[in-house]
Amino acid sequence: MMARFQVGSLAFQMNDRGELCGLADSANGRSLDAGDLRSPLLRIVAGSKIEEADTASYDDQSGVLTFFFVSRKAQVDVRVGFKDKYITFEVSRIEAVNGMQEIDAILWGPFATGVEGSIGESVGVVHDKQFAIGLMSLNIKTIGGWPAELNKPAYADESYPDGKFDYADSTAWPMQGGSLLQAFARNRTHGGRRPVWNLKDIEVTPLQGHDAELIGTGIALFGCKADSVLHVIETIELGENLPHPVIEGEWGKTSSAATQSYLITDFSEATIDEAVRYTKQAGLNYVYHPDPFAKWGHFILKPGQFPQGDEGLRACVESAGREGVRVGVHTLSTFTTLNDPYVTPVPAAGLQTVGTARLTEPAAEEADEIAIDDPRPFREKLYRNSAVLGGELIGYESVSEQAPWKLQGVSRGLNGTAVSAHDVGAEIGRLWDHPYDVLFPNLELQDAYSSRIAELLRTTGVKQLSFDGLEGCYATGHDGYGVNRFVKQCYDGWGEGVINDASIVVPNYLWHIFTRFNWGEPWGVSTREGQLEWRLTNQRYFERNFIPPMLGWFLIRSTSDRFEATTLDEIEWVLSKAAGFDAGFALSADMAVLRRNGNSEALLEKVRQWETARGTGAFTESQKERLRDPKSDWHLEPAEDGAWRLVPVSLSKPLVCSPDELQPGQPGGADWAFYNKFGEQPLRFCLRVSPGYGNEDAGVKRPTFYTNGEYMTFETDVRANEYLVCDGDRIGKVYDLNWNLLRTVQASADAPVVRAGGQTVSFSCKFEGDPKPVVSVTVSTWGEPENVKASER
């Protein structure tokens, strides 16, 4: 062995070929090796060939490791930095007889370890609950993962069941009996063809500057007890000048503020005070606009909502701030709408192309075919067939199947661009588009987007942002570097204390910047079904990657043809899961919905109660475990002295009484088998009358319930599209479909008692109208309450 290293709790050796071996926990000598697998610290890539060093030497005086590649006649120097809890490796010099252009990339690892269990693919940390080993990229040019064009090592496992990313995008990865850690950097000073985003063979343009060079790529390695990971990572951030965002006075990865829930609503300059009122009713501190921009690219605010533009948004922020509420906005990162000035009336030179060709014949203004020298970019399967030719945008239907190559069925002057004639040799570029009907910037133009976002937040005081659509940065052709560069420039420019998240793109370096990820969407499905499994697997991802947990977006909706208006039990289901995972969430509700729904205040008050309890650490670990069960329902109500009562709830499936199932002349009614898994209690129910065959003039009279020898009759009618609700007393409340209270009615007797166990619940009424309506009833039973009280956090 040529060199021995020990930093923090990690000890390892390096042999004369520059391979890491002898990994061990220095505290107890436990071996962390991965059998006979070799782990080169550094390798080079030339074309598609991976080359290992023939020899390596270490000068402990200068702290430099030197790797020699004989066949390539190349030498790579790596500066070693010894810190108290970690070690750094940084490429400081490269010499190559045939020039550095021959070296396309540098690979760090993969480093094989014997640690298996938790694989943090994004943070780059693996642990077995006892010991952890981690790898951190030290700059934006160093990408956690593996070049997409290279075959992954044979010993790398397939992804685990709930893995979020492919091997190429993962800093940590499982293997039989252990794990892998890896990173790489590209020589971006020359281009080439490689897989880009979802396309397999794309020409990538070269870059200039320090970030484009291989010199300076670097990583940090560390080993520690599993419960010390975040402490060591924070030490690395501070020691290596990595991003170290602070939220409300504490590092974002440990701050309880990182998992704050928030209200999403479409506020405006005119309605910000109303939006703040709703936010405070829910006990939340952030109100977030889901779609504030009329044009993406320049990020021009919607004039209907923000007639004063940025100044109007700043006024909203100030107004909210006086009430202790912060403001957030949603972006689609580099997605560029077709109405943006970068697209029309004169397209910017920096719009990203899939590739380019040259005209082989002149193209007159009226030409509907355009002759080109290279058909490849124009055959790629994207959303639409669009191209840029000088200052003109064109569309085309197809490409000729053989030479001479021609774009056929050409549409001229799209998106308000000017039609013009073009000479032989003019460059035409296939634009990179997307099903959102957007285009993308190249890397240089992307910098302008970063500057604009940073300026917007810095000048208006916005303190929350989502980088949705962040995968659009991949269109630049520069993989994780393009993403890193975009987000880092935003971060450097927007000031302090910005809570931010992103779409499913998590490069290792950006783990430090992103506060959290709020994945999970509610569109087009019921509250309990909306991406449920996805939301649950996200919690495991967050845990193994040391990311503050979030549950995603949930919707408060008004009634529609497909869904009922949001109910209290639906909201309590969401809130109980959030409490179980100690996770934040977003509550999405248009201003019109909050005004329209009669139960909005009650829903927001439920959010206040549950989130206050969660925020004060009121729930025990045993309670959290039960709350996490997606099949469970719970109710929380305030008790004395700032405490709460937590009640398990069981909701029956809808019990249906349909006139279609009655014999001629038979009065309306049904007998339902019902099981109460809790103790004896009064009947609680929600009855809904739905129109039969669209007859909204129908209804029922004298709805009556009978069970265990007791009757309960309401001397009232309940019309189609109305609810009758009883909370276990003798009061009935009739609501419309958006839970606006229409009237209250007194029952003939107190609610009958529902025994523990099985029994029959009978229902009868008089149906009115033809066709007759359908009645459905949901019975709610409650278990014994548990005391819940705030704890010290």
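Which residue in β24 is the bridge partner of Leu 263?

Mentor: Happy to! The bridge partner of Leu 263 in β24 is Val 287. Before we go further, keep in mind that this is a predicted model, in which local features need pLDDT of at least 70, side-chain atom pairs count only at pLDDT 80 or more, and totals for chains, interfaces and linings use all residues. Residues are numbered from 1 along each chain as its sequence is written, and side-chain values use heavy atoms, with hydrogens and water left out.

Helices (H or I, at least four residues) and strands (E, at least two) are DSSP runs, numbered from the N terminus. Strand β23 covers residues 262-264 and pairs with β24 in the parallel sense over two bridges; pairing requires that DSSP finds at least two bridges between the strands.

Buried means under 20% relative accessible area, exposed over 50%, and partly exposed in between, using a 1.4 Å probe and protein chains only.

From the strands, let's move on to the packing. A nonpolar core is a set of buried Ala, Val, Leu, Ile, Met, Phe, Trp, Tyr and Cys residues joined through side-chain atoms within 4.5 Å. The largest one has 136 residues, and Phe 467 and Leu 470 have the most contacts inside it. Helix α6 gives the most to this core, with seven residues. Not counting residues up to four places away in sequence, Leu 470 touches several residues, among them Val 483, Phe 486, Val 487 and Phe 514, where contact means heavy atoms within 4.5 Å.

α6 itself is mostly covered, with 14 of its 16 residues buried. Its expected span is 1.5 Å times one less than its number of residues, so residues 479-494 should span 22 Å, and the 24 Å between the end C-alpha atoms agrees with that. Just after α6, Gly 495 takes a positive phi of about 95°.
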